[in-house]
Amino acid sequence: MIITRQKPLEEIKETLSRYKGVALIGCGGCVAFYQTGGTKQTKEMAAKLREAGVNVVALGVSNRQCYLCEEKEVANLSDAERIRKVARELEGFSKLEEAEAVLSLACGVGVQNLANILDMPVLPAQNTLFMGRRRVEGDFDLEQCIGCGNCILAFTGGICPVTRCAKSLMNGPCGGVFNGMCEVSKSRVSEHPVPCAWIEIYNKLKKQGRVDEMRKIRPPKDFTKAAHMRKVAWGL
Ligand code: SF4
Ligand code: SF4
């Protein structure tokens with residue numbers, strides 16, 4: 001899942017301030033799961049913005065905003081018709097022509113994908129943080145992957161040291177681990193200290209009878225495979 005958090009309302013209001021009418025389009029994908037951009041949140045955002053004096057003319061929710069349609073499928077349509085094609089109406093789609101901008105409650109990928117098929121401005125309601133999962137016990141979201149381009153989970157018990165070790169060590173643990181916890185996490189996220197990734201890797205490999213994997217010295221990570229901008233050719 002892509003983890004997002006809603007931007008401060010004041011910032012959203014500021015970005016919308018130059019437009020006379022705005023349409024809100026939520027996302028039914030990961031952000032809906034993480035309760036930042038689904039149907040309920042789109043309606044709540046509309047209520048907050050209206051209370052703050054923003055003219056919200058229409059609300060809708062797309063399926064995954066990171067995949068909507070091909071550009072050629074909407075080439076001859078107006079922006080309002082394009083929105084009707086890719087989003088399910090929650091309210092006011094008959095007034096879509098009055099919208100001068102769209103506020104997207106999706107991740108940065110969804111916002112850019114919607115912006116790609118609309119001529120009008122598409123503005124983000126969320127800050128996109130990382131690829132991760134919900135860690136229920138601690139009530140916080142945990143980064144799991146940065147898309148490094150060369151996955152090593154096969155050797156690390158399915159636990160990613162690139163994201164879950166504060167130093168992204170390829171061979172750990174470091175000397176600072178204390179009581180199984182990461183020394184860095186305490187100062188970086190003081191409310192939520194997290195376990196040392198390499199202790200977790202060790203425990204997992206031990207359970208699987210594969211501790212020998214930790215005795216092999218892994219080379220430094222080749223981050224050239226993560227250099228921007230990347231693309232993948234279909235069929236490879
Ligand atoms: S090793 Fe790379 S691709 Fe694999 S989970 Fe970690 S960051 Fe993602
Ligand atoms: S304590 Fe563990 S997770 Fe933290 S930096 Fe050291 S090896 Fe990485």
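In which loop does Lys7 lie?

Author: Lys7 lies in the loop between β1 (2-6) and α1 (9-16). Helices (H or I, at least four residues) and strands (E, at least two) are DSSP runs, numbered from the N terminus. This is a predicted model: local features need pLDDT of at least 70, side-chain atom pairs count only at pLDDT 80 or more, and totals for chains, interfaces and linings use all residues. Residues are numbered from 1 along each chain as its sequence is written, chains are lettered from A and ligands numbered from 1 in the order in which they are written, and side-chain values use heavy atoms, with hydrogens and water left out.

Lys7 counts as buried because its relative accessibility is 13%. Buried means under 20% relative accessible area, exposed over 50%, partly exposed in between (1.4 Å probe, protein chains only). Leaving out residues up to four places away in sequence, Lys7 touches Ile12, Pro124, Ala125, Gln126 and Asn127. Contact means heavy atoms within 4.5 Å.

Take Ile12 next. Ile12 belongs to the contact that α1 makes with α3. The axes of α1 and helix α3 (residues 39-51) come within 11 Å and cross at roughly 70 degrees. Axes are lines fitted to C-alpha atoms, for helices over the stretch in contact, and angles run from 0 to 180 degrees between N-to-C directions. α1 and α3 are therefore roughly perpendicular to each other (65 to 115 degrees). From α1 come Leu9, Ile12, Lys13 and Leu16; from α3 come Met45, Lys48 and Leu49. Five of these residues are nonpolar, none polar and two charged. Here Ala, Val, Leu, Ile, Met, Phe, Trp, Tyr, Cys and Pro count as nonpolar, Asp, Glu, Lys and Arg as charged, and the others, Gly among them, as polar.

Now Pro124. Pro124 is in β6, and Ser104 stands opposite. Three bridges join strand β5 (residues 101-105) to β6, and the two run parallel. Strands pair if DSSP finds at least two bridges between them. The open sheet has five strands in the order β4-β3-β2-β5-β6, with mixed pairing. β4 (87-91) and β6 (122-124) are at the edges with a single partner strand each, so one side of each has no neighbour in the sheet. From one strand to the next, the twist averages 30 degrees.

Terms used. Parallel < 35°, antiparallel > 145°, perpendicular 65-115°, else oblique.
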